[in-house]
Amino acid sequence: MSLSRLFIRQVIRELCEEKREGIHVSDLVNLSICARKFWFDKHDPQIDFDSLLRMWQGKKLHDIRLGDMHEFEVRYDDVIGRIDDYNSELGILIDKKFVSYLPRDDKDVEHYYSHYITQLKLYYYMMIMTGYYVKEACLLFVNVNEKQPFREYIFTPSFDESEKLFKSLKEKDIKILNDKIPEIPSSFSPYDYPCSYCQYRPKCYYLDATEVNDNAKDV
Ligand code: SF4
């Protein structure tokens with residue numbers, strides 16, 4: 001076997017060693033991006049090699065500790081969240097993101113990475129509900145190929161808004177899991193975000209809808 005194939009096999013083994021059960025915050029985040037993407041993830045998952053490598057690189061870089069609590073699990077209302085870092089003295093929740101495109105400013109974060117903001121709002125809500133003090137949330141973007149590889153995005157989540165988001169996504173999650181594949185949203189196009197970054201784009205737009213729905217009957 002060539003070394004590159006051996007490397008790929010090891011990467012897959014490392015990434016797949018953790019068995020995931022239950023509803024995770026990352027599931028709810030996918031759902032907030034596109035219900036159809038969430039459906040594919042659950043019923044017919046597909047991970048391309050670039051995504052695998054990025055996930056593996058992220059897993060290694062996540063080992064850097066930035067708070068007194070690091071890589072810990074929070075559970076609330078049957079949802080599981082895995083939080084990167086939390087500084088209890090400052091009340092700050094930190095999520096590290098290893099990206100191929102480093103956002104230039106806050107507007108860029110809000111446009112291209114709004115799902116990560118959603119993720120932090122969900123973590124924030126779950127932490128508050130389980131007794132933590134959280135004042136601020138921070139996304140720390142890293143692109144190791146840039147001269148200035150870091151960008152921070154700090155915000156103060158609203159409790160009411162985060163609670164509403166959590167409850168509505170959780171309710172939607174259960175419904176879609178048991179449904180047939182959702183329609184492509186009318187505002188989406190294959191050439192724009194989020195479809196242009198989605199690993200399901202070819203299948204989603206070109207696979208015959210009847211075939212997809214037939215597959216759904218078997219899940
Ligand atoms: S290609 Fe677009 S519509 Fe299809 S699953 Fe992906 S994000 Fe959703």
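Author: Let's start with a definition: helices are DSSP runs of H or I with at least four residues, numbered from the N terminus. The model itself is predicted.

Reader: Which helix gives the most to the shell around the ligand?

Author: That is α3, with three residues. Two elements give two or more residues to this shell: α3, at 35-43, and α8, at 201-206.

Reader: Which residues are around the ligand?

Author: They are C34, R36, K37, F40, I184, F188, P194, C195, C198, Y200, R201 and C204. Cys, Phe, Ile, Pro and Tyr count as nonpolar, while Lys and Arg count as charged. The shell therefore divides into nine nonpolar, no polar and three charged residues.

Reader: Why is S162 called buried?

Author: The cut-off is 20 or more other C-beta atoms within 10 Å. S162 has 23, so S162 counts as buried. Setting aside neighbours within four places in sequence, S162 is in contact with K121, L122, Y124, Y125 and P157. The C-alpha atom of S162 is also 8.9 Å from that of Y123, although the two are 39 residues apart along the chain.

Reader: What makes Q199 partly exposed?

Author: Q199 has 16 C-beta neighbours inside 10 Å. Buried needs 20 or more and exposed needs 12 or fewer, so a count of 16 falls in between. Q199 is in the loop between α7 and α8, and beyond four places in sequence Q199 touches Q46, I47, D48 and S51.

Reader: Why do we say that the buried residues of α7 line one face?

Author: These residues are S162, F166 and L169. Seen down the axis of α7, they fall within an arc of 80 degrees, so they line one face of the helix. An α-helix has 3.6 residues a turn, so residues three or four places apart point the same way. The buried residues of α7 pack against α2 and α6, whereas the face turned away from them carries exposed residues, including D160, E161 and K167.

Reader: Where in the chain is confidence lowest, and where highest?

Author: Confidence is lowest in helix α9, residues 209-217, at a mean pLDDT of 52, and highest in α6, at 97. For the chain, the mean is 86, and 90% of residues reach 70 or more.

How values were computed
Residues are numbered from 1 along each chain as its sequence is written. This is a predicted model: local features need pLDDT of at least 70, side-chain atom pairs count only at pLDDT 80 or more; totals for chains, interfaces and linings use all residues. A residue is near a molecule or strand if its C-beta atom, placed from the backbone, lies within 6 Å of it. The arc is that of the directions from the helix axis to the C-beta atoms. Two residues are in contact if their C-beta atoms, placed from the backbone, lie within 7 Å. pLDDT is the predictor's confidence in each residue, from 0 to 100.
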